[in-house]
Amino acid sequence: MIRVLFFFCSIFVVHAQFKVTHYTTANGLPHDSLYQLFQDSNGYMWVCTDNGLLKFDGQKFSTYNISNGLPNNYVIDITEVEKSKYALATWGGGVQILQNDSIYPIKSSAFLKINQIIDHKGYWVASFGRGIYLLSKNKGQYNTERWYINKQIQKPVENIFFSIKKVKDKVLLFGGNNVSKDGLTGVYNIQPESKNIQKKFPFFTTKKINDIIPFGDNLIAITDNEEYLFNDTYILKKHTLDFWGKKNKLRLKRVLRTGDYKVYITENIETNKDTVYIFHPNDLKTPIEVIPLSALTSDAILDHNGNIWISTFGNGLFYIKKQSLNFCNKTFNSNTIIDITEYKNKDLLYLSLKSLYKRSASGDIEPLILSKKDDAFIAFGTKYTNTNDTIYINMGFGEKINIISQQIPISQIETNRIDFNNYYLLYIRNRLLIYKNDTRQTKIDLESSVYIKEIYFHNDHYWIATNNGIYIYNKDFSKLTQKITAQQGLSNTNVTSIAFNGNHFFAGTINGLNSIDKNHKITKFDIPSSLSSNHINTLLVDHNKNLWIGTQNSVLLYYNNEIYKISDSHHGDSSFSVNKIYESSDHKIHIGTNKGVYVINNQKGFTPESPPRLLVKPVSKNSFRANAIDFSGLQIVKQYKLNNDHWKNFTENTIDFKEYGYKNHIVHFRVRNAKSEWVYSKNHLFSITPPWYKSIWFYISTGIVAGGFLLLRIRTVNQRNAFLYSVLTKNMQLTVELDNSRENIAKDFHDELGNKLAGINMVTSVILANKELKKKDPESYKLLQRIRNDATDLYHGVRDFIWSIDAKNDNVNELIIYLTEFGEELFANTGIKFLVDNKVTDAQPLPFYWSRQLLLLFKEAMTNTLKHSKTSLATLNVVIVKEELSISFQDFGKGFDTQKLKRKNGITNMHSRAKKIDGTLTIESINGTKITFKGTLK
């Protein structure tokens, strides 16, 4: 993450016109010892370091080092030899080529230690300690030739140190004190094509030149303390520079020049630390900015927008940007400024929560009144024309004030006051009083919940901004002509401020900005959250008819139908809040905040900053990489528009459109920062084609193949269906025959065995009715009783068996009827009430064998209840939910503890019967006993 450092303005500093951003290892750099700088044709800034090569787009540093293919991490210089193709000078690794993020070595230059590299007319000119290398390409191979400078220039010294620089399509060689203590005198022109070095500019033969730069049609050169303006033939102007004073032992090292300012980098020969001095071109005595670098300079360049970049040995990278509108001009430091006004077009008055201050034209600030109460003041009462030259201050509840200075007449009131020629208005909360010549004309009371914020008079109507919308009254307040609220289209009914630019009214609310035209048509503004809060506190239309917007955390400007962010929240302070924006008669914008007053010189008006550079490159058939290169440090907004759709924001560099429809598409990209206009890409045409398995030919061929398989399948299925039909028919016949057999067996059992057992039961009962037999032959009597009882039990068992094998009893209702009859007979005359709740209304079939198992299971449960429960109530509940049969039998007796039962055969048998038919059985014995069977009907 890149951290931007700001040099904050102190009180009364009025010339901070540059923003300095300092990059070190603490905020993105891999090393603080840097070398040459270079900005390529795409706009990327390249930085050479002891720990690799950096590419910077304004948001992040990308590093190229050994892991990317470099022979070592010591990259000293870089130049662009073709579009997006670069030659790198390394120390001990020779020349390397960087293209498409890949590194390729120049074998003929391997292991060379190179300081600088310049691309010139098909040659690469690379410098080393005492000479230069010429690299040229022949039949795809690079040839390297070495020149020793002392031989070429016939200088009889063993060690020569120099610098090479491309200036106006010439490769110049010079070596003043900027390079070494024993600097080279004069300037030489390197001609690679003729392999020659010639002395250039004879008037510099004895001069040690530290730097040369182009300036218009001419050149500028500097020595330790002189500056020359010259051309190829003679010196046009010379002057000695001594702006640092005689006491400071400084010398000039570098010079930069634009149409707006001059930049000199000096070295303190005692501390070996450099300083940047920035001047207006016509004033070289008083610098407008002085920036200590705290290290020696490696390189200094101007980028495409004229901003300054300086690399250092040990203190990282400096980016010095000229401010278009300087928000860092803080004229007064106070906790909170709530209102600003001007007295007689001369003195500015700043109102805080408990004090009033006057700022004179000279910039001096003095207090006029003070209050003992921390929040005594509300606002200036005087607006528009002030006929009696009195400054009115709304004191709210009449807090007494201490007037320190009598320079300006001050009147204390308990309302807000607005003067319109012979009229003045007083308002507080929801009440409005209208006076003419100090005589009250009328009184208006709005709704009790209303709080009046501002009043604006336009076209014989009063516009009253309140927390309940805008009230519009005619000139004499006799009629409310209109009320504008959120129902009419405002972004919020709570209106905080209103302004008029000659064509439109603007209404700021706690949730956005609105414009209102002459027909009262409302347009809502879209303020991106990345630019500012939507909570608007104050509005101002300046003399250029531009709208200034103060929000909870920013100052915005509406200019040419775009919203620009003029400030951040005090450079990142989240407590920054704008309370008042005021334009003085000298066209300076005064901004009252909770951090004091800031001033912007608005005499020349606003000019948008240079927009970011936008690089769009296709990544695949339907994806694009859109990089924004911007060094402003401001928030970047990137958008794309697909076909005729709306513009949409995106944040990632790569965007994929594969989810859109299969057809031809046109995509358009644009980008801006908070203070720039939009910059647009060209239209990019791409097609999203379906994969082969979604193509029309695939569907046709698939349909043909599928049709053939379908016909074959239909034939096979028809044959199989015929076979299955015959099998099912036979099964149905077998089922009918089986059901008939079960029914016949049941009848035969009933007729044969059942009748026989019934007969035995009747005969033994008749014999046992003879009481004489019991007396005469008691043994025989007991034997007959046993025969009768066994016959009775066997009869009932046979009856259950006969019932269960009868096919017509294989359904739920027949089972419940049988159990009901059994229960009613079992519990008759026992004191146990037996209830049945059967929620099954349809004749739901039961799977084979279920009826017998369920019958025996619940007969066992009922019998146990009769024997052991001591209950007075027993219930049987039946329900079917989603093909699941649930039968519950419950008593409310004493229950039992299964752990204490000595005999568990009955419980075991019941679980076994449930398991035989793939069901579950649960037994609960709390406050009685509940036995529940559940099984899925298939």
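This is a short chat about parts of a predicted model.

Biologist: What should I know about the numbering and the model?
Modeller: Residues are numbered from 1 along each chain as its sequence is written, and side-chain values use heavy atoms, with hydrogens and water left out. The model is predicted, so to speak of local features pLDDT of at least 70 is needed, side-chain atom pairs count only at pLDDT 80 or more, and totals for chains, interfaces and linings use all residues.

Biologist: Is tryptophan 697 buried or exposed?
Modeller: Tryptophan 697 counts as exposed because its relative accessibility is 65%; exposed means over 50% relative accessible area, buried under 20% and partly exposed in between, with a 1.4 Å probe and protein chains only.

Biologist: Where is tryptophan 697 found?
Modeller: Tryptophan 697 lies in helix H2, residues 696-768. Helices (H or I, at least four residues) and strands (E, at least two) are DSSP runs numbered from the N terminus.

Biologist: Changing topic, what is the strand order in the open sheet?
Modeller: The four strands run E50-E51-E52-E53, with antiparallel pairing; two strands pair if DSSP finds at least two bridges between them. Strand E50 (536-541) and strand E53 (562-565) are the edges, each pairing on one side only.

Biologist: How many bridges join E50 and E51?
Modeller: Five bridges link E50 to strand E51 (residues 547-551), and leucine 540 stands opposite tryptophan 548 in E51.

Biologist: And which strands form a hairpin with two residues between them?
Modeller: That hairpin consists of E57 and E58. Strand E57 (residues 613-620) and strand E58 (residues 623-629) are antiparallel over seven bridges, and valine 616 has alanine 626 in E58 as its bridge partner.
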